[in-house]
Amino acid sequence: MIRNISPYNLIILSFIALICVGAALLTLPFATVERCHVTLFEALFTATSAVTVTGLSVVDISSSFTFFGKSVILILIQLGGLGILTFSSVIMIFIAKKIGYYTKRVVAEGLNHEARFDIYSYIKKVVAITLCFEALGAVLLFFSFIGEHNFFTSIFYAIFHSVAAFCNAGISLFPDNLVGYEYSPYTSLVISFLVIFGGLGFIVILDLYRYIKGCKRHISVYSRFVITITLFLLALGTLLFLLFEYNNPLSLKGLNFFEKVLVSFFHSTALRCSGFNTMPMTGLTSATALFCAIFMFIGASPNSTGSGVKTTTIGVLFLGIRTALKNKNYIEFSKRRISWRVFNKASALVFIAMIYVSAMILLMAQFDPEIDIMKIVFELVSAFGTVGLSMGITAELSAASKIILMATMFLGRVGPLTIALALSRESHKGKYKYPKEKILIG
């Protein structure tokens with residue numbers, strides 16, 4: 001029976017099932033503190049945010065949930081970051097020692113990879129990379145928390161925030177996120193390190209590892225492409241945040257230059273992936289909020305724990321537009337050609353995402369007309385990119401807008417193209433071609 005379900009539908013169903021189980025666990029009496037009553041809707045919203053590694057919340061996670069509840073959220077973040085199907089396959093490998101072609105195909109789709117590659121080796125490497133980065137991050141963050149909390153709390157906080165950072169979740173156990181560590185270069189850089197590598201993608205990390213180890217003479221063109229775009233966006237985001245907020249009394253004005261650069265770099269890192277923040281987002285200028293929305297829309301890289309339309313999608317669009325402006329026949333990067341079919345796919349993905357985001361913004365503006373439209377744009381795009389940054393309006397939104405946010409977080413995590421493919425028929429090549437026709441453009 002299950003083999004009749006397409007891989008795309010199975011990926012969607014696995015995330016839905018995980019969200020429902022998570023919501024049910026979070027409504028248990030011992031999942032919340034006695035003085036806080038978390039409704040089923042609030043639990044569902046929190047579970048959706050955790051599984052989609054977003055970070056938006058309608059309740060204060062730090063004060064509403066017990067150790068059990070926070071542990072459930074931690075597990076949801078971990079499973080959501082890598083995908084429940086990946087972990088299921090790991091269990092199958094260890095128990096049955098083998099998995100069938102259908103399972104390989106499903107997991108490959110979930111990892112945004114080809115089904116023909118060595119699934120056994122790849123899954124093990126993905127899990128190993130994740131655990132290594134998260135373990136290293138937890139050890140480093142432990143020394144940041146031990147001075148303010150007891151030993152056990154410091155360990156749990158370090159593990160939680162390390163997993164949340166590498167999985168690009170942005171969920172914090174502190175009521176003000178990471179605002180208390182605004183002036184801590186150590187904590188900011190550790191979190192940024194985890195977020196950047198979590199957003200690069202496992203293919204790139206493996207490629208870099210083999211190159212550093214000496215197994216490869218050069219990193220692949222794909223890895224070079226991803227790293228180039230990532231570094232460019234990090235630098236551009238830091239510069240724009242610094243310029244737009246430099247004299248803003250609600251953000252950077254009272255800091256020295258080094259602190260301004262540190263805060264700007266941290267938020268440039270968090271914008272496309274994680275959603276952590278070391279300063280309140282409510283005081284951002286309109287220009288900053290707008291460019292933040294653009295960066296959140298772009299998101300992380302393919303095959304990573306992050307979401308959005310992906311860095312490579314925007315990169316391919318840029319190369320294709322540049323090729324068209326130069327009137328060249330081929331899209332080129334690093335002395336390699338990129339197929340126009342890839343450009344078409346990127347264009348379709350961005351178009352679908354823009355149409356959806358625009359429609360949802362209009363609906364939310366209709367449901368909550370008293371809220372500033374820029375804040376609605378910021379919130380909706382943050383949900384779509386599963387970033388989790390908020391200008392403080394999440395809890396104030398109407399029930400209809402909160403439902404839109406939940407649907408958007410889910411769509412952003414699973415992917416607009418996966419949704420489109422899940423609802424479409426299998427590709428069919430006809431036995432004939434229609435004659436060409438010219439259409440005027442511009």
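User: How much space lies in the largest cavity?
Analyst: About 70 Å³. Bear in mind that this is a predicted model, where local features need pLDDT of at least 70, side-chain atom pairs count only at pLDDT 80 or more, and totals for chains, interfaces and linings use all residues. Residues are numbered from 1 along each chain as its sequence is written, and side-chain values use heavy atoms, with hydrogens and water left out.

User: What counts as a cavity or a pocket here?
Analyst: On a 1 Å grid over the protein atoms alone, a cavity is a set of points where a 1.4 Å probe fits but cannot get out, while a pocket is an open set with protein on both sides within 12 Å along at least five of seven lines. Lining residues have an atom within 4 Å of a point. Points are joined across faces, edges and corners, and the volume is the space filled by probe spheres set on them.

User: How many cavities of 30 Å³ or more are there?
Analyst: One. Its lining includes Val195, Leu234, Arg272 and Cys273. Two elements, α9 (185-200) and α11 (221-245), each give two or more residues to that lining, and α9 gives the most, with four. Helices here are DSSP runs of H or I, at least four residues, numbered from the N terminus.

User: OK, pockets. What's the volume of the second largest pocket?
Analyst: About 540 Å³. There are 28 lining residues, and Pro175, Asp176, Asn177, Asn277 and Ser390 lie nearest the centre.

User: Switching to Asp368: buried or exposed?
Analyst: Aspartate 368 is buried, at 2% relative accessible area (buried is under 20%, exposed over 50%, partly exposed in between, with a 1.4 Å probe and protein chains only). You'll find Asp368 in the loop between α15 (340-367) and α16 (373-384).

User: Which residues does Asp368 touch?
Analyst: Leaving out residues up to four places away in sequence, Asp368 touches Ile376, Glu396, Leu397, Ser398 and Ser401 (contact means heavy atoms within 4.5 Å). The C-alpha atoms of Asp368 and Ser398 are 6.6 Å apart, though 30 residues separate them along the chain.

User: And how many disulfides turn up?
Analyst: Zero in the whole structure, taking a disulfide as a pair of cysteine sulfur atoms within 2.5 Å.

User: What about cysteine 167 and cysteine 292, buried or exposed?
Analyst: Cysteine 167 is buried at 0% relative accessible area, and cysteine 292 is buried at 0% too.
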